[in-house]
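Work through the exercises below with the sequence and the structure at hand. Each task is followed by a solution in steps.

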Amino acid sequence: MLTFVQQLLNGLTIGSFYAFVALGYSLVYAILKLINFAHGDLFGLGAYLGYTVFVYAFGVIGAKLGLWGLLAAGFVAAALGTAAAGLIIERVAYRPIYPIGRLPAVVSALGMAIFLSNFIMAVWGPRYLAYQESFIPTGFWEIGEFRIRVLQVLILVSSLVLLGILYFVVEKTTFGAAVRAVALDRETAALMGIDSLKVIRFAFAVGPALGAIAGVFVGMYYRQINFTMGWVYGLKAFTATILGGIGNIPGAMVGGIFLGLLEAFTAGYISAAWKDVFVFAALMLMLIFRPTGLLGEKVAEKV
Amino acid sequence: MLLEVDRISVAYGAVEALKNVSLSVSGAEIVAVLGANGAGKTTLLRAISGLVPLKSGAILFDGKKLHELPPHGIARLGVVHIPEGRRVFATLTVEENLNLGGYGCSKDEVKKAKDRVFQLFPILKERRKQLAGTLSGGEQQMLAIGRGLMRSPKLMLLDEPSLGLAPLLVDQVFATIVEINNQGVPILIVEQNARKALEIADHAHILEVGRLVLSGPARELAADERVRQAYLGGATYERRLRAKESRAH
């Protein structure tokens, strides 16, 4: 029972990381049918931006703001900085190439991924950097034999809130309907007076911003970051995207949580060494038996 | 002159789809452009709403140069294009489709426009929570037209509204078009169904492989021997039309 609850909590936490990152893949894919392979490294960039704010702002404003103020500043800076990077990438790496075709754009995305991880290495160095305890909420509650960390609760609550907001915006507002319309039929959306470039920019700003928040959380949770983290998490989150159904926002969330739980329970009951085997086996099974993913695409076309 | 298409040419690669085409729409009239498949009718509307670039020529609307604006900018001027094949957003609800028709308008305007559309098409009100893709062909056409009305159009471009509809529905759609026009909306319609289009139009043009070959008041064109031969009269044409309609079902 103890293992179960502990792994459930771990799985949900890791799952929220994947869900955050998966959303970025899904948003861009829904609108451009492009897999933004640079997205994982944007997540990595977010972790480094957050780290930088924490380290350098700690002495300057840390005392004034207190831990929570500092955390807020770090998250906001990481999210804004990474959103800006996402917009720049869209402008320089995709917009000029996209009209040529989808394959060149994917190659450009891979190139951007390599560029970003090397950029991070060049700026912050190849060694692991430590998220220090001084800017991590370290408290925990003990309920009987269970130990619940404040950080875990923070991660779960903020993922619920942020993903809930995104879901509401995309599914319930007119702007969200415009996003879905551009995803379905960009030309007809333009005839409705919708500027598809704005929608594309929305995807390239919001996805990376959410990825950055996940990046900072990962840094806090594992206490260390490295320039290769974007690749690892990017790959896992991409798997989560496929599992949930690519191009589908609730699907990305469900896929992410599912993947997190699968990893945690494999690690808890079988062996941590086997978790990737199970993750990618799940991916293969999904691709064989239900290629549209858990939440598949709604099919209502009738012409 | 509300809309002035001035000697435009459009090319897809080496293929010229429109050659030196000029026409105009003024007041609250219905202007029809007739022609066979591939004559360039759809290209003409797509050029007006900015979906294809001009090779030469100019398009003026209310004195503004449309050919320099992006499609969404043209739509926001009140030039509403109801595309061929209806193109409703299949996985959005009927109501969301309508809301998007008024994208960028105030909440109040959208609500008022929606009430008007529901009055014109009560069936859309009944189905407003349904996904648009689950509507029948006729209902989708009503949705496409209703969506176009959401922005209080200053000019409506209609591309083959009768395509693939049963004859009874075709009559209904044309009656609706006349009703919209009676409320003061000028309409530029392209149709293969020449008979129907000439019935409701004030002015008409005949397009053949990218060129306007005949223009005039609709009544005169309907009486013109060449038009009757090529587009109205011939038993061949009627047979083709029937064959097309039965294929669509």
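The exercises cover a sheet, a helix and a chain contact.

The model is predicted, so local features need pLDDT of at least 70 and side-chain atom pairs count only at pLDDT 80 or more, while totals for chains, interfaces and linings use all residues. Residues are numbered from 1 along each chain as its sequence is written, and chains are lettered from A and ligands numbered from 1 in the order in which they are written.

**Exercise 1.** Determine the strand order of the open sheet in chain B and name its edge strands.

Solution.
- Step 1. Helices (H or I, at least four residues) and strands (E, at least two) are DSSP runs, numbered from the N terminus; two strands pair if DSSP finds at least two bridges between them.
- Step 2. Strand β1 (residues 3-12) of chain B is joined to β2 (residues 15-25) of chain B by seven bridges, and the two run antiparallel. Within this pairing, B:V10 is the bridge partner of B:L18. Two residues lie between the strands of this hairpin, where B:G13 has a positive phi near 60 degrees.
- Step 3. Five bridges connect β1(B) with β4 (residues 56-61) of chain B, again antiparallel; here B:L3 has B:F61 as its bridge partner.
- Step 4. Two bridges link β4(B) to β5(B), also antiparallel, and B:F61 is partnered by B:K64 in β5(B).
- Step 5. The order is therefore β2-β1-β4-β5 (chain B). Strands β2 and β5 (64-65) of chain B are at the edges with a single partner each, so one side of each has no neighbour in the sheet.

**Exercise 2.** Which residues of α10(A) are buried, and what do they pack against?

Solution.
- Step 1. Helix α10 (residues 275-289) of chain A has 15 residues and spans 21 Å from first to last C-alpha, close to the expected 21 Å (1.5 Å times one less than the number of residues).
- Step 2. A residue is buried if 20 or more other C-beta atoms, placed from the backbone, lie within 10 Å of its own, exposed if 12 or fewer, and partly exposed in between. The buried ones in α10(A) are A:V279, A:A282 and A:M286.
- Step 3. These residues are on the same side of α10(A) because they cover an arc of only 60 degrees around the axis (taken from the directions from the helix axis to the C-beta atoms).
- Step 4. Exposed residues on the other side of α10(A) include A:V277 and A:L285.
- Step 5. The buried residues of α10(A) pack against α8 (229-244) and α9 (249-269) of chain A.

**Exercise 3.** How many residues of chain B are in contact with chain A?

Solution.
- Step 1. Contact requires C-beta atoms, placed from the backbone, within 7 Å.
- Step 2. On this basis, 23 residues of chain B touch 19 residues of chain A.
- Step 3. The elements giving two or more residues to this side of chain B are α2 (71-76) and α3 (94-101) of chain B.

Definitions and conventions. Contact = placed C-beta atoms within 7 Å.
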